[in-house]
Amino acid sequence: DKIYSYINQCPHTGANLDWLPHQFLDSQNAFIQCATHGALFNIEDGECIHGPCLGDKLIPVKNTVEEEKIYLVL
């Protein structure tokens with residue numbers, strides 16, 4: 001029911017998070033997982049809960065939904 005959006009950048013290395021294009025979640029779809037070191041981030045707030053950037057957060061990006069389309073507010 002809610003859409004969360006973040007800059008595609010790990011706070012530890014600055015590397016992209018996705019394993020493959022548009023694939024960000026761990027194998028159980030419970031957390032965002034960094035492809036470089038396997039850090040795990042809460043989907044709801046972007047906080048790192050496991051890995052080398054423990055306690056850091058992903059940078060959120062505002063979004064809106066209009067006519068069933070998602071728009072990022074940059």
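Student: Leaving aside neighbours within four places in sequence, with which residues is Ala-39 in contact?

Tutor: This is a predicted model, in which local features need pLDDT of at least 70, side-chain atom pairs count only at pLDDT 80 or more, and totals for chains, interfaces and linings use all residues. Residues are numbered from 1 along each chain as its sequence is written, and side-chain values use heavy atoms, with hydrogens and water left out. Contact means heavy atoms within 4.5 Å. On that basis the partners of Ala-39 are Ile-32, Gln-33, Cys-34, Cys-48, His-50, Gly-51, Pro-52 and Cys-53.

Student: Which residues make up the largest nonpolar core?

Tutor: A nonpolar core is a set of buried Ala, Val, Leu, Ile, Met, Phe, Trp, Tyr and Cys residues joined through side-chain atoms within 4.5 Å. Buried means under 20% relative accessible area, exposed over 50%, and partly exposed in between, with a 1.4 Å probe and protein chains only. In soluble globular proteins, nonpolar side chains tend to be buried together. Here the largest core has 10 residues: Tyr-6, Cys-10, Leu-17, Ile-32, Cys-34, Ala-39, Phe-41, Cys-48, Cys-53 and Leu-58.

Student: How many helices and strands are there in the protein?

Tutor: Helices (H or I, at least four residues) and strands (E, at least two) are DSSP runs, numbered from the N terminus. Read along the sequence, the pattern is β-β-β-β-β. The counts are zero helices and five strands.

Student: Which residue in E3 is the bridge partner of Leu-40?

Tutor: Strand E2 covers residues 40-42 and is joined to E3 by two bridges, the strands running antiparallel. The bridge partner of Leu-40 in E3 is His-50.

Student: With which side chain does the side chain of Asn-42 make a polar contact?

Tutor: Asn-42 lies in strand E2 and counts as buried, at 18% relative accessibility. Beyond four places in sequence, Asn-42 is in contact with Tyr-6, Phe-31, Ile-32, Glu-47 and Ile-49. A polar contact is a pair of N or O atoms within 3.5 Å; within protein, one must be able to donate a hydrogen and the other to accept it, and residues adjacent in sequence count only if both atoms are side-chain atoms. At 3.3 Å, the side-chain partner of Asn-42 is Asp-45.

Student: Is Asp-26 buried or exposed, and which backbone nitrogen does its side chain reach?

Tutor: Asp-26 is found in the segment before E1 and is buried, with a relative accessible area of 11%. Not counting residues up to four places away in sequence, Asp-26 touches Phe-31, Gln-33 and Leu-40. At 2.7 Å, the side chain of Asp-26 reaches the backbone nitrogen of Ala-30.

Student: Which backbone oxygen does the side chain of Ser-5 reach?

Tutor: Ser-5 also has its place in the segment before E1, and it counts as buried at 13% relative accessibility. Its side chain makes a polar contact of 3.0 Å with the side chain of Asn-63. At 2.5 Å, the side chain of Ser-5 reaches the backbone oxygen of Val-61.

Student: What is the phi of Glu-67, in the turn of the hairpin formed by E4 and E5?

Tutor: Five bridges join E4 to E5, which run antiparallel, and Thr-64 stands opposite Tyr-71 in E5. The hairpin has two residues between its strands. Glu-67, in the loop between strand E4 (62-66) and strand E5 (69-73), is exposed, with a relative accessible area of 77%. Its phi is positive, at about 50 degrees.

Student: What relative accessible area does His-22 have?

Tutor: His-22 is found in the segment before E1. Although it is not a glycine, His-22 has a positive phi of about 70 degrees. The residue is exposed, and its relative accessible area is 71%.

Student: What radius of gyration does the protein have?

Tutor: The radius of gyration is taken over C-alpha atoms, and the globule rule is 2.2 Å times the number of residues to the power 0.38. With 74 residues, a compact globule would have a value near 11 Å, with which that of the protein agrees. The radius of gyration of the protein is 12 Å.

Terms used
Two strands pair if DSSP finds at least two bridges between them.
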